[in-house]
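Please read the sequence alongside the model below. The text after it goes through one chain and its contact with a partner.

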Amino acid sequence: MTQISRDDVQHLAQLSSLQLTDAEADGLRVDLDNIVNYIHQLSELNTNGVEPTYQLTDLENVWRNDDVNDYGLSGEKLVALAPESLENQIKVPKVL
Amino acid sequence: MTKIADYLSNSAVENVKRAIAKAQENEDYHALLALTETRALERAAKVDAGLITGRLKGVPFVVKDNFLAFGAPTTAASKMLEKFDAPLQATAVEKLEAEGAICIGKANLDAFAHGGSTENSAFGPTKNAYDKSKVAGGSSGGSAVVTALDIVPFALGSDTGGSIREPASFNDVYGIKPTYGTVSRYGVVAMASSTDSIGCFTTNAADAELVMSVMAGRDPKDMTTLPDFFAPTEVKPGQKIGLVKDFMTDDVDPEVRARVNDYVAKLRAAGHSVEEVELPTAKYALAIYYIVVPAEVSSNLARYDGVRYGHRAEGVKTLAELYGRSRDEGFVTENKRRIMIGSYVLSSGFFDAYYLQAQKARTLLINEFDKLFENYDALIGPVAPTPAFAIGANTADPIKMYLADIMTVPASLAGLPAISVPAGETEGGLPVGVQLIGKRRDDARLLALAKSLESTEAKQ
């Protein structure tokens, strides 16, 4: 059976952009281990030659005209949703 | 039987005031996260002045708080979106408002709709309408409870793996999860895009027909929507119905099985035939679901980065820290579980074993359903293995919580319409629902089947 280690949890947290506390990571290690063990039962199912399902509607190539539509949303309105902004631009900590 | 009709002839302002008063009287259920009283009364006055009219004129309703709607923040029951004032409204809400309906409040849910009990709400659980020590079900628990308590005649929910049907079953109301693609998801907080479906809660089939007629149809803002096919209908006696044996095992509470068997007897008495059928891949459906859905969740929830909107952690020095801490603070544990499982099943080395295998198994499940529908008009079984469970009973064990979805996820994975219909109660007085599953685009026929049994009840 699979075994999720503490390092695995920290790696998955990093992939998921989650900065977990140590206590949370311990709890999640147990949960993830149980969940992965549960979903692992699928390995017993024979799916040789079966096509995977990626969508359910059978809709294909749904086109629209290449018209500009702002859906009634201005740039100002959207920037205003940001936790921090300056001169109509979203502010974040220094990247480089 | 219709309840909405009673509202249409009243003053809209009176309808809204009565609904709000009733919501306030029932605050201890914690079914609502916010009332949208000011906006509701303004719209009601316009309805009464004849400025807004339509098929739902002056009818109050509630939305699950993952629908973008004006009048109060759209929180998805999370700290992440606690203060998020939506800049637009969901197409479903816009369509209802265009017919004169009035949104009076926003219902509690499991944060980001991750859960089956509404206990994962960042703002505390909703209580069951029939027993306050029991869960409301979820994730659309608040919407089910406001309908059951008669605060409003209908409420909106979203159903990704059972989130409308299970709380409907737990609270003795109708819940419809339509065919995938029936109702636009524009303006609804995305969870798992290959199964997310918009539907409603009502107290009878006719009201569900009306609400679905208004909401259904293609939306240029949601490219996955189907051209409108929903048209209320009637069914004649002689429908062939399959009772799914794999849903009636010893793992299912005997009282739940008994209520399903009672409903089967009623179907037979109404002139329909019911035979046992097999759906062998159903036992893998939950494993398929908990691979496919977390994979999609991990992608859909990547947008919550603390940059453009939503919660941003304070005192962070770097961009990575801003992402990591904002997400850690903004999500509940269940959100993190699903995001991390998604990252796991999609990571290189595991992708073929989990995600690809799950999507192939999904094909097998869909093929089994399609084969049954060559011979049967509808399938029947329980909605959930148990009636509403005690608050706190399953919170320590995620797998135990997930098992509540075992009979609702198959229809979700296959994109089939499925409804929960009230079917009586247990000796302890807890409601039990039966699930009717139909072929794609047979939504109205499922409601018609339920409706035909309602009229038998009325005659008795």
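The model is predicted.

Chain B holds an open sheet of eleven strands with mixed pairing. Its strand order is β1-β3-β2-β4-β6-β5-β10-β11-β9-β7-β8. The edges are formed by β1 (32-35) and β8 (273-277) of chain B, each of which pairs on one side only. On average, neighbouring strands of this sheet are turned by 30° against each other, direction ignored.

β1(B) pairs with β3(B) in the antiparallel sense over three bridges, and A34(B) has K106(B) as its bridge partner in β3(B). With β2(B), in turn, β3(B) pairs in the parallel sense, over five bridges. Here V63(B) stands opposite K106(B), the residue that is also the bridge partner of A34(B). Is β3(B) mostly covered or mostly open? It is mostly covered, as six of the six residues of β3(B) are buried.

Helix α2 (residues 12-25) of chain B lies across β1, β2 (60-64) and β3 (102-107) of chain B, and runs at about 15° to β3(B). Helix α3 (residues 37-48) of chain B lies across β1 and β3 of chain B, at about 165° to β3(B).

Helix α4 (residues 91-98) of chain B is mostly covered as well, with six of its eight residues buried. These are T91(B), A92(B), V93(B), K95(B), L96(B) and E97(B), a list in which K95(B) and E97(B) are charged. Their cover includes β2, β3, β4 (154-159), β6 (197-202) and α7 (205-215) of chain B. Just after α4(B), G100(B) takes a positive phi of about 95°.

Further along the strand order, β9 (residues 378-382) and β11 (residues 431-437) of chain B pair in the antiparallel sense over four bridges. L379(B) has I437(B) as its bridge partner in β11(B).

In soluble globular proteins, nonpolar side chains tend to be buried together. The largest nonpolar core has 162 residues, and those touching the most other members are F61(B), V62(B), A155(B), I288(B), I291(B) and L436(B). Which element gives the most to this core? It is α9(B), with 13 residues. Leaving aside residues up to four places away in sequence, I288(B) touches A358(B), A361(B), R362(B), L365(B) and L413(B), and also L42(A) of the other chain.

α9(B) also packs against α11(B), with the axes 7 Å apart and at an angle of about 105°. The two helices are therefore roughly perpendicular to each other. From α9(B), the contact uses I291(B), P294(B), A295(B), V297(B) and S298(B). From α11(B) come R338(B), I339(B), I341(B), G342(B), S343(B), V345(B) and L346(B). By class, the residues of this contact are eight nonpolar, three polar and one charged.

The contact between the chains takes 54 residues from chain B and 45 residues from chain A. On the side of chain B, at least two residues each are supplied by α9 (282-300), α10 (319-330), α11 (333-346), α12 (352-375) and α13 (398-402). The largest share, twelve residues, comes from α12(B). This side of chain B has 30 nonpolar, 13 polar and eleven charged residues.

Methods:
Residues are numbered from 1 along each chain as its sequence is written. Chains are lettered from A and ligands numbered from 1 in the order in which they are written. This is a predicted model: local features need pLDDT of at least 70, side-chain atom pairs count only at pLDDT 80 or more; totals for chains, interfaces and linings use all residues. Two residues are in contact if their C-beta atoms, placed from the backbone, lie within 7 Å. Axes are lines fitted to C-alpha atoms, for helices over the stretch in contact, and angles run from 0 to 180 degrees between N-to-C directions. Angles under 35 degrees count as roughly parallel, over 145 as roughly antiparallel, 65 to 115 as roughly perpendicular and the rest as oblique. A nonpolar core is a set of buried Ala, Val, Leu, Ile, Met, Phe, Trp, Tyr and Cys residues joined through C-beta atoms within 7 Å. A residue is buried if 20 or more other C-beta atoms lie within 10 Å of its own, exposed if 12 or fewer, and partly exposed in between; C-beta atoms are placed from the backbone. Two strands pair if DSSP finds at least two bridges between them.
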